[in-house]
Amino acid sequence: MIDGAATSWVEVSSECDFPIQNLPYGIFDANDKRLRVGVAIGDSVLDLAAIHDAGLFSNTMLADENVFASSSLNGFMSKGREAWTQARQRISELLSSDNPTLRDNSALRSQALKPMSQVNLLMPVAIGDFTDFYSSKEHATNVGTMFRGKDNALMPNWLHLPVGYHGRASTVFASGVDIRRPKGQTKADEAAAPSFGASRLLDFELEMGFFLGTGNQPGEPIEINQTKDHIFGMVLLNDWSARDIQKWEYVPLGPFLGKSFATSISPWVVTMDALEPFRVASPKQDPTPLPYLGLDGAGAFDIQLQAFIQSEKMTEPMRLTATNYKYLYWNMFQQLAHHTVNGTGMRTGDLCGSGTISGPTEDSRGSMLEICWKGTKPITLPDGSERKFFADGDTVIINGWCEGEGYRVGFGDVRAKILPA
Ligand code: CA
């Protein structure tokens, strides 16, 4: 673990998401069409492909092959937990205040350290499969109350297993990629027949996702206390949702086209090693889950999360909600154990979404469906316009961070603008 008091020779302000305690991985190019792996440090990106070429990973498991000269993190992720730990250890040494290797090598430094503002951050992972869970009790209760009434809010299975569904990996986009409002089949309650057209109820879902670093053989479940060795890291995730399409299509097999048109993720993958100091207990689970879902130790992480809206007329974003990853009822280790317990094979680069993360209060709800309570409580923006769901031209931004003593381990943000259908 990197000490909370450690510092880098790269200048990092206390408000910055990327101190030496973080060291998240991403994919970038420097407007040269050459994609490679980078690490965020302060307002800069360290080019790990260049660092590897310079021989600075020679005493690690990664010495032979430059896994960082790649258009995705998958090669690095597939090397496994010990390689991840060695890479993190080596990078933290090279960036440490008292280490002269890179600090005093101005030629290599100018080649390998780029201002973040001058590079393009791209999709970090080649995603094989995408699964989205539904693990916030507050969210499930809010949605259930809206559609089935308070007494039947949670379905009978909800407290016994982490509900999820298979999503669509091909339409997971990196932050900054615009989202087109989907068209589809919808049916208003009072209408006699369905109609086809642009979704009118476009929503976001404030989520986080975790990436599988290493998978499992089909037929060989990942035991819950082994799941941590398979999870590489986390990103912010916006699970865009067309509520009108979803409402009409979801019976009996669950979400389909109302979800599959777009999911946005943040560009930096924050590793589980960086998040470890922020591990906290999950909410108490009652009834006690079946033994295969019983995790030894704490399973949640204290990650503060916010979502914002900015219309084309607004000069700065307005906050929609503030919540926390720690509110999730089902933790990621339970999600992964449950996912594979039937023998499902997971692979390097698979993405699992947490489900919308709503907190216990009205100002901590993670979707417009809940914030505006099914359209009954519209919000007014600083430009004077009203929203129940999103309008074309709106940009939605999610950010998140863990608060350490005098430093932050942050995720940057995920943002996307809505284009007309
Ligand atoms: Ca979702």
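A pocket, for this talk, is an open set of grid points where a 1.4 Å probe fits, with protein on both sides within 12 Å along at least five of seven lines, and its lining residues have an atom within 4 Å of a point. Please keep that in mind. The model on the screen is predicted.

Now the largest pocket. Its volume is about 1,200 Å³. The lining here runs to 43 residues. Nearest the centre lie V143, F147, Q246, K247 and Y250. Sorted by class, we get 20 nonpolar, 9 polar and 14 charged residues in this lining.

Which elements supply at least two residues each to that lining? They are β6, at 130-133, then α6, then β7, at 164-166, and α7, at 243-249. Helix α6 gives the most, with 6 residues.

So on to helix α6 itself. It covers residues 137-148, which is 12 residues. From first C-alpha to last, α6 reaches 15 Å. That is close to the 16 Å expected at 1.5 Å a residue.

Which residues of α6 are buried? H139, A140, N142, V143, G144 and M146. Keep the geometry of a helix in mind as you read that list. An α-helix has 3.6 residues a turn, so residues three or four places apart point the same way. Part of the cover over the buried residues of α6 comes from α11, at 368-371. After the helix comes G149, with a positive phi near 90 degrees.

Next, a sheet. It is open and has 5 strands, in the order β9-β26-β25-β20-β21, with mixed pairing. The edge strands are β9, at 179-180, and β21, at 318-324; each pairs on one side only. Take β20, residues 304-310. It runs antiparallel to β21, and 6 bridges join the two. For one example, find Q306; its bridge partner in β21 is A322.

First, the background. Most residues other than glycine have a negative phi, and most peptide bonds are trans.

Two cis peptide bonds to look at. One runs from V251 to P252, with omega near 0 degrees. P252 sits in the loop between α7 and α8, the latter at 257-260. Another runs from D286 to P287, with omega near 5 degrees. You will find P287 in the loop between β18, at 279-280, and β19, at 300-301.

Then positive phi in residues other than glycine. K33 has phi near 60 degrees. Its loop joins β1, at 25-29, and β2, at 36-41. Is K33 buried or exposed? Exposed, because its relative accessible area is 77% and the cut-off for exposed is over 50%. W373 has phi near 45 degrees, also positive. W373 lies in the loop between α11 and β23, at 379-380. And α11, remember, is part of what covers the buried residues of α6.

That's my tour. Over to you.

Methods: Residues are numbered from 1 along each chain as its sequence is written. This is a predicted model: local features need pLDDT of at least 70, side-chain atom pairs count only at pLDDT 80 or more; totals for chains, interfaces and linings use all residues. Side-chain values use heavy atoms; hydrogens and water are left out. Helices (H or I, at least four residues) and strands (E, at least two) are DSSP runs, numbered from the N terminus. The expected span of a helix is 1.5 Å times one less than its number of residues. Buried means under 20% relative accessible area, exposed over 50%, partly exposed in between (1.4 Å probe, protein chains only). Contact means heavy atoms within 4.5 Å. On a 1 Å grid over the protein atoms alone, a cavity is a set of points where a 1.4 Å probe fits but cannot get out, and a pocket is an open set with protein on both sides within 12 Å along at least five of seven lines; lining residues have an atom within 4 Å of a point. Grid points are joined across faces, edges and corners, and a volume is the space filled by probe spheres set on the points. Ala, Val, Leu, Ile, Met, Phe, Trp, Tyr, Cys and Pro count as nonpolar, Asp, Glu, Lys and Arg as charged, and the others, Gly among them, as polar. Two strands pair if DSSP finds at least two bridges between them.
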